Every structure is written in C-alpha cells, then in structure tokens.
Amino acid sequence: MGLLSFLYKSTDVSTSTEDQTSRLLEKFLSGYSIEVMPRTADNVQSFRDILPTGTCVYIAHIDGTPIEDMVRTARRLTDEGFQVMPHFPARLITGYNELAEWIARYQGEAGVNQALLLGGGLNTPVGEFKDSMQLLETGLFDGFSNLHIAGHPEGNRDIDPDGSDRMVMQAMKWKKAFFERTDARVAITTQFCFEAAPVIAWADRLADEGVDLPIHIGLAGPAKLHTLIKYALSCGVGPSMRVLQRRAKDVGKLLLPYEPTELITELAAHKERHPDFGIEQVHFFPLGGIKNSAAWVTENAGSAGRPASAD
C-alpha cells in the first residue's frame, strides 16, 4: 500500500505541475502576435484556420519586396478579421514622399492604423532616413492607434559597435520622451532570443533607466536547429546563442526540431512571480514556418491558441 500511495501521490504532483504550467502558458501567450512576409502568406490558405480571432499579424518588409505585395497581404489579413502591423524599415525608404505614399496606401486600401518602426537591415540607407526616430519626426504617423519600435535584448552592434548599450539606451530614452506626446499605444517589439536570463536582465535595466514601455518579447517558433542558427547569426543574436550551441552538441537533440516551451515557461513563471515585469506579450518569429508556430501555440496555449475558425 505504501508503494501504491507513493505512486498515486507522484501522479497527482505531476498532474498538478502540468496543469500549472498549462495555465501559465495560456495566460502568458494570450494575445500573442506573429509575423509573415507576402511570400509566406501566399502559402497559407486560410489564416482563420491557424490563428486566434483578432491576432495581430506583423508583415515583415524585406529589401526588394514591392509595396504592392505588402499592401495586398495587409488587405487580405484585414479582410480575414486580423489586426495588421506592417514594418516600416527606415533605411529602405527613399524619403518623405515615399513614406507618405506607403502610409496612404496601407490606410486607404487595407485600413491599417498601426506600425512597427525600425532601422531596417541595410547598412547604407537608400534615402534620407537612417533610423526610426527620423520616421517619427516626419509627423506622418500622427493618428496611428499603435506604434511599436524595435528592441534588442542582447544588444545591437550596428548601433553600438563597442558592444555596450550606450547609444541604444539613449535612443530608447528619446523615443520614450517622444511617445509621451502622442496618443498612440506604444510598445517595444524585440529581436528573437533563446535564453531567459539576458531578456530578464535587459527588461529590468530598461525599467531602471525609466524606459517603462511595454515589451513584446520576440521568440522563435519551432524550427530545425540549423535554420535557427542561420537566422541567429544573420540577425546578430548574441549571448543566448549558447543555448543552440549546447543543443547542437547533444546528439539526442540534434535532429529534433527546437521548440520554445522551456524558454516561454521560464519567462511566464518570472512574470507570474513579478507582475510588474515589463514583458506584456509574446511575438513569434515563425522561422520554421507560420503553420508550425501557430500549431505549437494551439497545442500549448489552451484557449489563447484556439483558431478563429473554431470559435
């Protein structure tokens, strides 16, 4: 009887832990966002079959993508009932007139009223803009309901080549002061990462510096290990790369796809212990495909991951 009692007790503890983790994930993933590109969106027959009602879908603007394709994708997502947040990469925009044209087309043809403003991937700007601060100063985004800016929990060598965060922090403080004069809802959407500790330290440092903007933490969805390493190297992901490096050395995990379960659970638990912690939502980079990322959320997030077509 003693052994049976122990087994039943162990089962109860295990079930209780799983239930607690499920509740944490459901709460933490509620209202998550995800991003697509026009070419990846074209491979999705129905977004309502994979994403929850009202999900915010970012549209990444990669160098060489025609604005027509961006606006077409935005219109499709809007028509399917989703919120749309296109990227506005400063270094890809030739100048004020082109920016005004993009905004007019997004608003007029797709009903867009929110945007992610970022520097963009080019080293040399194609026109007069080099950073998101210059985009904001045009005044063209006045009246937008949501404005997000990019964040880099592990630093940005393009801005701070010496590895510090001096210039990045200075820019964040400027943006915080700017947004105090706008009615838009504002947040920081970050680059993806693979380890909780650098994220927690970065978010706490922002708060200590008075930059108390909500954080939408960028996380990679399920993907093959070599795919993640490729993107991590090209995007400048720093300290948390060691998570992938350790995984690459583990023969038992080498061929298995990476899943963000452990990282999200750790961040969710930290948020539960510290309700004022700056992370407000999760933003997925579907590096292994948007269908795979959405399916993982549906499987792990309870009601927060239920597709719109299931409502």
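1. Two residues are said to be in contact when they have heavy atoms within 4.5 Å of each other. By that criterion, Ala196, Val199 and Ile200 in helix 7 meet Leu263, Glu266, Leu267 and His270 in helix 11. Counted by class, this contact has 5 nonpolar, 1 polar and 1 charged residues, where Ala, Val, Leu, Ile, Met, Phe, Trp, Tyr, Cys and Pro count as nonpolar, Asp, Glu, Lys and Arg as charged, and the others, Gly among them, as polar.

2. The model is predicted: local features need pLDDT of at least 70 and side-chain atom pairs count only at pLDDT 80 or more, while totals for chains, interfaces and linings use all residues. Residues are numbered from 1 along each chain as its sequence is written, and side-chain values use heavy atoms, with hydrogens and water left out.

3. The chain has 12 helices and 8 strands; these are DSSP runs numbered from the N terminus, helices being H or I of at least four residues and strands E of at least two. Of the 311 residues in the chain, 48% are buried, that is, under 20% relative accessible area with a 1.4 Å probe and protein chains only. Among contacts between residues at least 6 apart in sequence, 80% join residues at least 24 apart.

4. Helix 7 (residues 196–208) has 13 residues and reaches 18 Å from its first C-alpha to its last, close to the 18 Å expected at 1.5 Å a residue; the expected span is 1.5 Å times one less than the number of residues. Its buried residues are Ala196, Pro198, Val199, Ile200, Trp202, Ala203 and Leu206. They pack against strand 5 (146–151), helix 6 (166–179), strand 6 (185–193), strand 7 (215–220), helix 11 (261–273) and strand 8 (279–285). Gly210, which follows helix 7, has a positive phi near 85°.

5. The axes of helix 7 and helix 11 come within 10 Å and cross at roughly 35°, axes being lines fitted to C-alpha atoms, for helices over the stretch in contact, and angles running from 0 to 180 degrees between N-to-C directions. The crossing of these two helices is right-handed, meaning that the near helix is turned clockwise from the far one by less than a right angle.

6. Helix 3 (residues 67–79) and helix 4 (residues 96–110) pack at about 30°, with their axes 9 Å apart. The two helices are therefore roughly parallel to each other, a term applied to angles under 35 degrees. Their contact is made by Ile67, Glu68, Met70, Val71, Ala74, Arg75 and Thr78 of helix 3 and Trp102, Arg105, Tyr106, Glu109 and Ala110 of helix 4. By class, it has 7 nonpolar, 1 polar and 4 charged residues.

7. Ile217 lies in strand 7 and is buried at 0% relative accessibility. Beyond its neighbours within four places in sequence, Ile217 is in contact with residues including Val199, Ile279, Val282 and His283. The C-alpha atoms of Ile217 and Ala203 are separated by 9.8 Å, at 14 residues apart along the chain.

8. Gly221 is placed in the loop between strand 7 and helix 8 (225–235) and is buried, with a relative accessible area of 0%. Not counting residues up to four places away in sequence, Gly221 touches Leu228, Tyr258, Pro260, Phe284, Phe285 and Ser293. Ser293, in helix 12 (residues 290–300), is buried with a relative accessible area of 1%. Leaving aside its neighbours within four places in sequence, Ser293 is in contact with Ile34, Gly221, Pro222 and Pro286.

Methods: Buried means under 20% relative accessible area, exposed over 50%, partly exposed in between (1.4 Å probe, protein chains only). Angles under 35 degrees count as roughly parallel, over 145 as roughly antiparallel, 65 to 115 as roughly perpendicular and the rest as oblique.
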